[in-house]
Structure formats: C-alpha cells, structure tokens
Amino acid sequence: MTFSGSCHCGKVAFTVMGELPHEAMSCNCSHCRRKGFLLAFIPHDALAIERGADELTEYRFYKHVIGHKFCPTCGVEPFAQGEAPDGTKMTAVNLRCVPAADLDALTITKVDGARF
Ligand SMILES: [Zn+2]
C-alpha cells in the first residue's frame with residue numbers, strides 16, 4: 001500500500017509506503033494553528049519525495065528540532081521532518097495534502113502543543 005500527496009501547485013510531490021492513516025493529530029501550538037495541519041507520523045524511511053526535493057524550503061522555530069518543509073511557490077507544507085530526543089528520525093505528513101484522505105472520517109487527536 002502507498003498513498004501520495006503534494007503541495008498545492010504541484011512542484012512538490014511525495015509518496016508514502018504504508019496504509020493511509022485513519023488518525024491524525026491536530027495541535028494548537030502557534031505554528032500548527034496557523035497552518036491548520038492534520039498530521040500523521042510515519043516511519044522516516046517511508047517517505048519518498050517524488051518531485052521538488054530541491055525546491056523545498058525549511059522553516060524551524062522554538063527548539064529548531066523540526067524542519068517544516070514547504071513549497072516556496074505556493075507556501076503549502078506537505079510534511080515535516082525532525083529528530084526525537086534519542087536521535088530517531090521522524091516524519092509527519094500533513095494529511096490535508098493527501099487527496100485520498102477523507103478528512104472528515106479521520107479520528108482526530110488533539111495535542112496541546114501550546115503548552116509544550
Ligand atoms: Zn507548491
């Protein structure tokens with residue numbers, strides 16, 4: 001199983017090896033609330049950037065451990081990559097960038113990121 005997604009203009013496209021997630025995280029931190037993410041964590045190696053890897057621009061803030069990857073043309077952030085405290089690489093996909101995801105059917109876990 002794989003699922004695919006992209007930024008809005010299509011410069012950046014990706015495929016994920018694995019089942020389409022049925023759950024997503026909605027976080028209220030200053031960054032997530034502005035972008036309206038519905039995030040699903042996937043194994044770091046499961047993400048293949050099909051197009052636009054060299055176009056991606058990165059935004060880091062706060063502890064600078066998460067690289068928020070966005071398209072410089074349309075501004076959409078399809079995924080973020082970072083490292084857990086133990087060094088494990090992590091990737092979170094923005095399910096809003098995955099056309100096959102039924103957003104209304106997702107089980108949403110609210111994360112109180114504003115308090116982190
Ligand atoms: Zn774009």
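**Exercise 1. A strand in the interior**

Let's start with E8: find out why this strand is largely enclosed by the rest of the structure.

*Solution.* 
Step 1. Four of the five residues of E8 are buried, so the strand is largely enclosed. Buried stands for a relative accessible area under 20%, exposed for over 50%, and partly exposed for what falls in between (1.4 Å probe, protein chains only). Strands (E, at least two residues) and helices (H or I, at least four) are DSSP runs, numbered from the N terminus.

Step 2. A word on the model: it is predicted, so local features need pLDDT of at least 70 and side-chain atom pairs count only at pLDDT 80 or more, while totals for chains, interfaces and linings use all residues. Residues are numbered from 1 along each chain as its sequence is written, and side-chain values use heavy atoms, with hydrogens and water left out.

Step 3. Now look at the neighbours of E8. E7 runs antiparallel to E8 and is joined to it by four bridges; two strands count as paired if DSSP finds at least two bridges between them. E9 also pairs with E8 in the antiparallel sense, over five bridges.

Step 4. Gly82 in E8 is a handy landmark: it faces Ile66 and also stands opposite Met90 in E9.

Step 5. Follow the chain from E8 to E9 and you pass through a hairpin with five residues between the strands, where Gly87 in the turn has a positive phi of about 95 degrees.

**Exercise 2. The largest pocket**

Describe the largest pocket: what is its volume, and which element gives the most to its lining?

*Solution.* 
Step 1. The volume is about 750 Å³. On a 1 Å grid over the protein atoms alone, a pocket is an open set of points with protein on both sides within 12 Å along at least five of seven lines, whereas a cavity is a set where a 1.4 Å probe fits but cannot get out; lining residues have an atom within 4 Å of a point. Grid points are joined across faces, edges and corners, and the volume is the space filled by probe spheres set on them.

Step 2. The lining has 30 residues, and Tyr62, Val65, Ile66, His68 and Phe116 lie nearest the centre of the pocket. Elements giving two or more residues are E3 (23-27), E4 (39-43), E7 (66-70), E8 (79-83) and E9 (89-94). E8 gives the most, with four residues.

Step 3. Sort the lining by class: 19 residues are nonpolar, eight polar and three charged. Here Ala, Val, Leu, Ile, Met, Phe, Trp, Tyr, Cys and Pro count as nonpolar, Asp, Glu, Lys and Arg as charged, and the others, Gly among them, as polar.

Step 4. Take a second look at Tyr62. Its place is in the loop between E6 and E7, and its phi is near 55 degrees, a positive value in a residue other than glycine. Tyr62 is exposed, at 58% relative accessible area.

**Exercise 3. Charged pairs**

*Solution.* 
Step 1. The structure holds five salt bridges, each defined by a side-chain nitrogen of Lys or Arg within 4 Å of a carboxyl oxygen of Asp or Glu.

Step 2. In the pair Glu55 and Lys11, the closest N and O atoms are 4.0 Å apart. Glu55 sits in the loop between E5 and E6 (57-59) and Lys11 in the loop between E1 and E2, so the pair ties together parts 44 residues apart in sequence. Glu55 is partly exposed at 33%, and Lys11 is partly exposed at 35%.

Step 3. In the pair Lys35 and Glu77, the corresponding distance is 2.7 Å. Lys35 belongs to helix H1 (residues 32-35) and Glu77 to the loop between E7 and E8, so parts 42 residues apart in sequence are tied together. Lys35 is partly exposed at 33%, whereas Glu77 is buried at 3%.

Step 4. Finish with Glu58 and Arg60, whose side chains meet in a salt bridge of 2.6 Å, N to O. Together with Lys69, Glu58 and Arg60 are linked in a network of salt bridges.
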